[in-house]
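Let's take a friendly walk through a model, starting with its rings and ending with its strands. Please have the coordinates open as you read.

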Amino acid sequence: MAADARNLTGAPEAVTEGALGRGGTSAGSSPAGSAPARGTPERDAPARSAPQGSALAGPGAAGRHHTAAPRRTSGSAPSHAGGRPRANGGPAPQARDGHGPAFAAPARVPLPDASGPREATTRLIAHGCWYPSADPAGAEVAFICDRGGVPQLWVGPVDGDAPRLLDDGPDPVREVSWSPDGRWIAYTTAPGGGEQKRVLCVRPDGSDRHIMAGAEPGSSAHLGCWAHDGSAVAVTVAVPTEPAPETTAEPALVGAGLGRAADRLSEHGHGPMGEAVLLDAVRLDTAPHADHGLALPSAPTEREPGIPSPHTTVETLTTDTLGDRHAAPAAGFGDGLSAYLVDPDGVTAPVLLATEQDAATLRVCDLSRDGTLALLRRGPRGRREAVVLRITDRVTTCVTPVADGDPWIGAFSPGADTLWLRSDAYREFAVLLAAELDPEGQPRGWSVGASRDDSDLELLRCAHDGSAAVLAWNVRGTSEVEIFDVAPTGATRATDASPGASRATAGTTEPPPERTRPVLELPHEVVTRIADAGPGRLLLALSGSQRRPGIWWLPGGVTMARTPWSSADEDAVPPGRPPVRPVHRRLTARDGVPLNGWYYRAPGRNPGEPAPCVIYLHGGPEDQERPVLEPLYHEILGRGVDVFAPDVRGSSGYGRSFVDSDLGEGRFAAIEDVADCAAHAVLSGSADPSRLAVMGRSYGGYLTFASLVWHPELFRTGVAVCGMSDFATFFQGTEPWIAQSAAHKYGHPERDRELLRRLSPMSRIDALRAPLLAVHGEHDTNVPPGESEQFVRAARERGLNAEVLTLRDEGHDFLRADNRRLFRRAAADWLERHLTG
């Protein structure tokens with residue numbers, strides 16, 4: 001976990017060929033020489049029949065158990081040279097009937113036993129706890145905690161102070177899910193701190209730990225939902241695919257309208273249980289939330305009978321109606337993704353649910369209780385879709401746009417007669433959307449269960465018994481939580497939803513009154529996750545400006561209690577340095593667009609005294625600045641430097657129009673927003689105009705590079721963290737799924753080559769005047785380290801002070817405590833030296 005600062009000289013690194021994220025070598029890591037874990041069959045043993053009625057029963061299980069893939073030495077990490085590690089070439093394996101290719105079926109890899117009491121070698125007093133998942137009784141909670149210096153898997157009683165460590169490995173844990181039957185805990189890790197993921201499973205006592213998916217070289221795996229009986233867990237496996245030859249075949253329909261279910265599988269046919277189903281590739285030439293002639297939120301009137309109700313209808317669009325303004329890449333741009341149901345006991349072989357070629361994401365979010373329907377989330381950011389798949393005959397019964405953000409987009413009711421979704425389809429803000437389903441899984445009608453005029457539904461959690469849904473609303477950066485009482489079937493039924501109309505105009509009844517219980521009083525400003533903890537009980541992961549991230553539970557009523565193993569409030573920051581509560585700021589950009597942000601004032605400074613100030617820019621671009629405890633900010637504030645963290649255009653939380661306002665040429669206006677935010681800080685009397693800096697991470701790192709060359713007279717210095725400096729090299733080296741999303745957001749690397757050149761900071765490097773510190777994780781494959789290195793190298797060639805800090809064993813996110821500490825101190829030292837020295 002060492003880190004180094006590199007002075008870069010010499011020739012730039014070679015860039016791999018291809019414009020769409022291709023090239024590189026395969027790499028992965030898994031323990032060497034491990035023996036089969038207790039209670040598991042030998043890896044080459046033939047598969048046995050699944051219990052009748054389980055999620056794995058039926059003809060879908062493959063004929064034999066898969067053997068473990070070749071393994072490399074434990075602790076090795078993927079190389080970043082040339083971008084993401086790649087699997088060797090060659091066609092993907094075909095499904096049994098050839099309907100579509102299956103990518104890297106999960107292989108079970110036993111790991112050393114982790115049973116017995118375990119303790120972190122290093123215990124941090126000021127630690128964070130997040131991502132809770134409770135056992136069926138709600139007595140114990142599995143969660144992620146960094147009290148050992150790296151995010152790891154822990155389990156503890158909800159009301160007792162005796163947590164135990166289940167996995168003390170060096171790989172950061174990203175997600176956790178306890179099985180509904182209580183026998184297993186599934187979780188994901190990031191080997192070497194990089195961007196590839198693995199899905200593992202372990203017993204609650206630490207025994208029988210094994211890799212379920214992602215051990216194969218060059219692959220990555222993502223965790224889905226559990227079958228409701230606990231017999232299987234959904235896993236998506238991603239394997240890089242080679243570019244496919246261009247085709248002139250007629251593209252598929254873009255989505256199914258609300259009120260209309262489109263058959264998306266006619267080209268590939270329908271196979272029996274267990275055959276690969278290749279979901280039709282969706283050509284996403286414009287945002288699925290774009291107008292296309294629809295009136296955005298306005299109810300139909302007598303004068304305008306053709307305008308659909310925003311509550312219930314969405315036009316079904318064909319590619320003939322779509323333009324090429326923001327066309328997404330065609331085949332060959334993404335990974336091959338296959339979604340499987342995997343038996344954690346290793347008794348039956350994985351069952352293939354669905355496959356997509358050249359896809360950005362594919363996650364199984366829910367399975368109906370009877371095992372007949374699956375809810376999948378797919379598509380790049382800004383283009384997310386919910387797909388309902390009828391498992392028995394592999395027919396897609398519904399496709400509709402859903403909101404970005406939390407990947408757990410919705411759930412079926414216990415009887416699978418209602419589908420609840422968090423969707424912003426054809427409206428500014430995400431709402432709770434309900435589809436009444438017929439016995440075949442087809443939507444009968446749509447209605448809005450809950451909505452707010454100026455707030456996004458950010459998190460949705462349906463109770464296991466189907467009686468209620470917990471809703472978290474994003475209200476200008478803070479969270480409000482309420483309980484939504486689910487009405488009996490048909491209470492919010494749409495009165496019409498004609499599947500044959502190209503523009504459906506279904507009616508709807510308004511939701512019954514008083515279905516939403518009072519807003520819960522939260523001890524933190526922001527909710528990051530909601531989990532069911534048994535009948536009438538909830539778990540909330542909270543984060544706020546005065547406290548470390550922690551887990552709270554609601555045993556009954558509306559009074560919340562902090563779990564004993566979460567950090568105490570007094571441990572939030574070092575002694576003698578109280579947390580700074582930010583002040584919300586509003587301003588107007590030069591073209592009249594309203595902007596928002598949070599201003600942190602350095603302690604001990606007089607209110608009217610202009611101070612050195614850093615403009616901090618978040619990533620995304622669709623992220624949002626939230627009032628949560630950020631140790632980096634407090635490190636900077638401790639050096640006497642203010643922090644202003646704005647949401648420039650392109651940020652989420654202010655409606656879809658604001659998110660999309662930076663598309664294409666709008667990116668130049670986002671760069672001007674940074675200058676306008678700096679001007680606001682100065683004109684408000686808070687900031688000293690001669691001591692301004694700019695800093696940001698990921699997309700914010702790009703904006704930092706851009707601000708320094710677009711406004712060289714404005715900023716005295718900058719700190720760019722994991723930022724893009726040249727879109728041409730970024731697209732060549734990034735992850736394929738990142739490239740697919742980025743092409744919509746920034747421009748296509750081939751069709752919009754000239755626009756991307758003008759938007760690239762490297763194209764204006766001669767304008768750079770300020771000293772610069774660039775920081776990058778060595779295993780970052782989202783934004784390869786070469787993006788920082790080439791900008792710093794060019795700055796040094798022009799005689800400027802520029803440095804790179806490379807953090808070892810880190811990817812795009814810095815997850816290890818010692819690296820995070822080094823980063824904070826290095827950044828604060830740099831800003832202090834150039835702003836106050």
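## Charges over rings

A charge sits over a ring if NZ of Lys or CZ of Arg is within 6 Å of the ring centre and within 35 degrees of the ring normal. By that rule, the charged end of Arg-585 lies over the ring of Tyr-599, 4.4 Å from its centre. Likewise, Arg-764 places its charged end over the ring of Trp-710, at 4.5 Å from the centre.

Before going on, note that this is a predicted model, in which local features need pLDDT of at least 70 and side-chain atom pairs count only at pLDDT 80 or more, while totals for chains, interfaces and linings use all residues. Residues are numbered from 1 along each chain as its sequence is written, and side-chain values use heavy atoms, with hydrogens and water left out.

## Aromatic pairs

The structure holds 15 aromatic pairs (rings of Phe, Tyr and Trp, the last by its six-membered ring, with centres within 6.5 Å; planes under 30 degrees apart are stacked, over 60 edge-to-face, the rest tilted). The ring centres of Tyr-599 and Phe-644 are 5.6 Å apart and their planes meet at 40°, so this pair is tilted. Tyr-599 belongs to strand 31 (residues 594-600) and Phe-644 to strand 33 (residues 642-647), so the pair ties together parts 45 residues apart in sequence. (Helices, H or I of at least four residues, and strands, E of at least two, are DSSP runs numbered from the N terminus.)

Phe-705 and Phe-791 make another tilted pair, 4.3 Å centre to centre with 35° between the planes. Phe-705 sits in helix 4 (residues 699-710) and Phe-791 in helix 8, 86 residues apart. Both Phe-705 and Phe-791 are buried (under 20% relative accessible area with a 1.4 Å probe, protein chains only; exposed is over 50%, partly exposed in between).

## Helix 8 and its strands

What do strand 36, helix 8 and strand 37 make? They form a right-handed β-α-β unit: with the strands pointing away from the viewer, the path from the first strand over the helix to the second runs clockwise. Nine of the twelve residues of helix 8 are buried, so the helix is largely enclosed by the rest of the structure; among them are Phe-791, Val-792 and Arg-793.

Strand 36 (residues 772-777) has six of its six residues buried, so it too is largely enclosed.
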